[in-house]
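The following note is intended for a colleague who is opening this structure for the first time. Please read the numbered points with the sequence and the model in view.

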Amino acid sequence: MPHWSVRGTGGGETVSLSHVTTPTPRVAVVSDYTLDTLGGAENAFAEQVGALAEVTDVLAVCPPSGRLTALGGHPRITSVSVPVAFVAPGLGFPVARHTPRLRARLRHAFEAAGIDVVHVHSEFGIAAAAIAAARELRIPTVQTVHTFFWQTGAHIQTLLAAGVPAFHRLMTGLPFPSQRLAERRGDSALRNMTLATGLATDRVISPSAHQSHHLRQAGLREVDVVPNTVRWNTAARPLTRVDGPLRVLWTGRFSAEKRVLPFLRSSLRALDQMGPGRLQIDVLGTGPQFPAAQRMVEERAGIRLHGRVPHAEVPGWLSRSHVTALTSIGWDNQPMTVAESVMALRGVIWCDPVLTEGLTEAGIPAFGDDENALVDRLSDLARDPAPVVAASRAAVSARSAFGAECFTRTVLSVYRRAGVPDSSSRYERPR
């Protein structure tokens with residue numbers, strides 16, 4: 001029998017938001033992703049668990065990791081680690097299938113914790129088992145979609161189109177919609193995985209307005225926009241000037257959709273123009289393209305790859321930087337990079353004009369996939385960092401959208417719309 005570890009205890013209470021006091025639903029937050037990775041969906045999961053734990057009891061359910069265990073140390077969080085069948089080579093993605101045993105285990109965990117709403121953050125076996133267990137208990141379900149814009153290389157489009165529907169049905173047991181959701185058949189199949197999960201839940205959350213539009217076009221009618229949240233950075237201070245080289249920070253997974261290699265090529269060209277005394281590039285993370293990135297950068301002055309770092313160290317990196325860079329185009333919906341940067345009172349150089357939350361105030365545009373635009377922007381800011389200082393100051397007001405109070409107020413209203421009653425016998429269970 002698989003080993004399930006459970007840590008933490010909880011207790012219910014009421015919460016007062018917008019001057020209205022109502023029982024706060026106990027929430028199970030569920031993901032197929034491991035918190036060991038430095039990814040946006042994983043960080044969003046952990047931050048939302050922490051924010052919800054300030055107002056209610058939370059069951060945090062995902063594959064085992066040290067970070068999940070640490071979450072379980074919070075007095076309002078119970079962490080449940082789900083065993084996985086295997087980890088996909090090269091991707092680091094844990095794979096667990098929706099089985100009757102997994103569904104029964106989750107149903108028992110939900111019952112024992114008196115859960116009132118199940119909130120999934122992924123679209124694979126663990127999420128599907130959680131949705132099915134919630135259905136058996138007549139508990140409302142909500143899905144946060146972290147990206148509806150799945151995309152991959154042209155060389156495997158035919159393979160994906162043929163294999164993804166059967167694979168997803170095998171892992172989840174969910175009907176596969178098979179809608180045309182992208183120009184390329186493989187990308188379309190990947191996006192149908194997200195659609196299949198959304199169709200199985202009572203409501204869907206999009207962290208961004210532009211993604212919610214695409215979700216509704218695909219047929220998901222009950223979609224709410226709830227920006228991601230990041231804990232308040234009390235040590236953050238806005239920049240007043242830039243001394244020494246302009247320090248630019250890139251954080252994320254080294255994969256094609258994040259455009260890390262175009263960013264590195266642009267950075268090297270900007271360094272050629274400006275010299276390392278005017279520009280310093282720091283890059284955090286790892287992934288499939290990390291070896292190629294290492295070969296590209298080698299021992300060049302002014303640019304360093306730091307590899308995987310603990311998420312707890314990211315705020316320190318942000319405080320030591322002047323500005324961050326977000327270089328994806330057509331992939332992200334509302335990246336945690338933006339929320340974390342703005343909370344640290346740092347502006348963001350960004351390339352995708354459809355991304356707006358936090359960026360209309362604290363963003364510095366370098367739009368388009370032409371690397372020349374990014375080279376020019378990095379060089380111009382190294383020469384004159386005034387826009388970096390202005391973006392940092394603008395983040396003071398922009399960060400309220402990502403605060404925990406804003407998130408909990410909004411997401412609790414989504415839970416009500418999903419079907420959580422204003423009062424429930426679950427709140428009266430013995431504890």
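1. Both faces of strand β9 are covered: Val 117 and His 119 are buried on one side, and Val 118 and Val 120 are buried on the other. Buried here means under 20% relative accessible area, with exposed over 50% and partly exposed in between (1.4 Å probe, protein chains only). Helices (H or I, at least four residues) and strands (E, at least two) are DSSP runs, numbered from the N terminus. In a regular strand the side chains alternate between the two faces of the sheet.

2. The model is predicted: local features need pLDDT of at least 70, side-chain atom pairs count only at pLDDT 80 or more, and totals for chains, interfaces and linings use all residues. Residues are numbered from 1 along each chain as its sequence is written, and side-chain values use heavy atoms, with hydrogens and water left out.

3. Which strands accompany β9? β4 and β9 run parallel and are joined by four bridges, with Val 29 standing opposite His 119. β9 is also joined in parallel to strand β10 (residues 141–144), by three bridges; there the bridge partner of Val 118 is Thr 141. Two strands pair if DSSP finds at least two bridges between them.

4. β9, α4 and β10 together make a right-handed β-α-β unit. A crossover is right-handed if, with the strands pointing away from the viewer, the path from the first strand over the helix to the second runs clockwise.

5. Six aromatic pairs are counted. Rings of Phe, Tyr and Trp (its six-membered ring) pair if their centres lie within 6.5 Å; planes under 30 degrees apart count as stacked, over 60 as edge-to-face and the rest as tilted. One of the pairs, Tyr 33 with Phe 124, is edge-to-face, at 6.5 Å centre to centre and 80 degrees between the planes. Tyr 33 lies in the loop between β4 (27–30) and α1 (40–52) and Phe 124 in the loop between β9 (117–120) and α4 (125–137), so the pair ties together parts 91 residues apart in sequence. Tyr 33 is buried at a relative accessible area of 13%, as is Phe 124 at 9%.

6. Trp 250 and Phe 263 form a stacked pair because their planes stand at 20 degrees, with ring centres 6.4 Å apart. Trp 250 belongs to strand β13 (residues 246–251) and Phe 263 to helix α8 (residues 260–274), so this pair ties together parts 13 residues apart in sequence. Relative accessibility is 2% for Trp 250 and 1% for Phe 263. Trp 250, Phe 254, Phe 263 and Phe 290 form one aromatic cluster.

7. The largest nonpolar core has 35 residues, and Val 248, Phe 263 and Leu 264 have the most contacts inside it. Such a core is a set of buried Ala, Val, Leu, Ile, Met, Phe, Trp, Tyr and Cys residues joined through side-chain atoms within 4.5 Å. Elements that each supply at least two residues include β13, β14 (279–284) and α9 (290–297), while α8 gives the largest share, eight residues. Leaving aside residues up to four places away in sequence, Leu 264 touches Val 283, Ala 293, Met 296, Val 297, Ile 303 and Leu 305, contact meaning heavy atoms within 4.5 Å.

8. Helix α11 (residues 336–343) is largely enclosed by the rest of the structure, because eight of its eight residues are buried. Among them are Thr 337, Glu 340 and Ser 341. Leu 345, which follows α11, has a positive phi, near 60 degrees.
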